[in-house]
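Trainee: Please take a close look at a single part of this model and tell me what surrounds it. Then set that part against the rest of the chain, and keep to what can be read from the coordinates.

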Amino acid sequence: FLWSFATYLQAAVTTYSMQLLLRGLVGVALASVSPVAQAMLCDAVPEDERGYAFGLMQSFSALTSMAVSFGTTCIASMEIGGIRG
């Protein structure tokens, strides 16, 4: 909730200091996502299969990060609604 609220507020602020504060809040909120996901994985997967499950989780995380980076780079060179990138 904190992450989405701080991201939403960033569109409304006009000062650098508020933007910096909100970006810090977003960072704090996002820092908790990975440990929570790992804890949930530990609860859901039997101990003898955790290594494989963690490997899959990290592999898909890296692949989706690459795909999103590629996709946003492609979109950035387009003109949408008369606005470039």
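**A residue and its surroundings**

Mentor: Setting aside neighbours within four places in sequence, Gln-10 is in contact with Gln-19, Leu-22, Arg-23 and Val-26. Keep in mind that this is a predicted model. Gln-10 itself sits in helix 1, which covers residues 2-10. Its relative accessibility is 16%, and because buried means under 20%, Gln-10 counts as buried.

Now compare a residue in the loop. Thr-14 lies in the loop between helix 1 and helix 2. Its relative accessibility is 78%, so Thr-14 counts as exposed, the cut-off for that class being over 50%. Thr-14 also gives a sense of distance in the model: Phe-60 is 46 residues from Thr-14 in sequence, and their C-alpha atoms are 37 Å apart in space.

The next piece is the packing of helix 2 against helix 3. Helix 2 runs over residues 16-31 and helix 3 over residues 33-44. They pack at an angle of about 15°, and their axes are 5 Å apart. Angles under 35 degrees count as roughly parallel, and helix 2 and helix 3 are therefore roughly parallel to each other. On the helix 2 side, the residues that meet helix 3 are Ala-29, Leu-30 and Ala-31. On the helix 3 side they are Val-33, Ser-34 and Pro-35. Sorted by type, the residues of this contact are five nonpolar, one polar and no charged.

What does the chain hold as a whole? It has four helices and two strands, and along the sequence these follow the pattern α-α-α-α-β-β. The radius of gyration is 18 Å, well over the 12 Å that the globule rule gives for 85 residues, so the chain is more spread out than a compact globule. The box filled by its C-alpha atoms is roughly 55 × 30 × 15 Å along the principal axes.

Three further values complete the picture. Buried residues make up 9% of the 85 residues, and Gln-10 counts as buried. Of the contacts between residues at least 6 apart in sequence, 10% join residues at least 24 apart. The chain exposes about 6800 Å², with carbon and sulfur atoms supplying 69% of that area.

Key:
Residues numbered from 1 in each chain as written. Predicted model: local features only at pLDDT ≥ 70, side-chain atom pairs only at ≥ 80, totals over all residues. Heavy atoms only, no water. Axes fitted to C-alpha atoms, helices over the stretch in contact; angles between N-to-C directions. Parallel < 35°, antiparallel > 145°, perpendicular 65-115°, else oblique. Contact = heavy atoms within 4.5 Å. Nonpolar A, V, L, I, M, F, W, Y, C, P; charged D, E, K, R; others polar. Rg over C-alpha atoms; globule rule 2.2 N^0.38 Å. Buried < 20%, exposed > 50% of the residue type's maximum accessible area, 1.4 Å probe, protein only. Areas by Shrake-Rupley, 256 points an atom, 1.4 Å probe, with all protein chains shown as cover.
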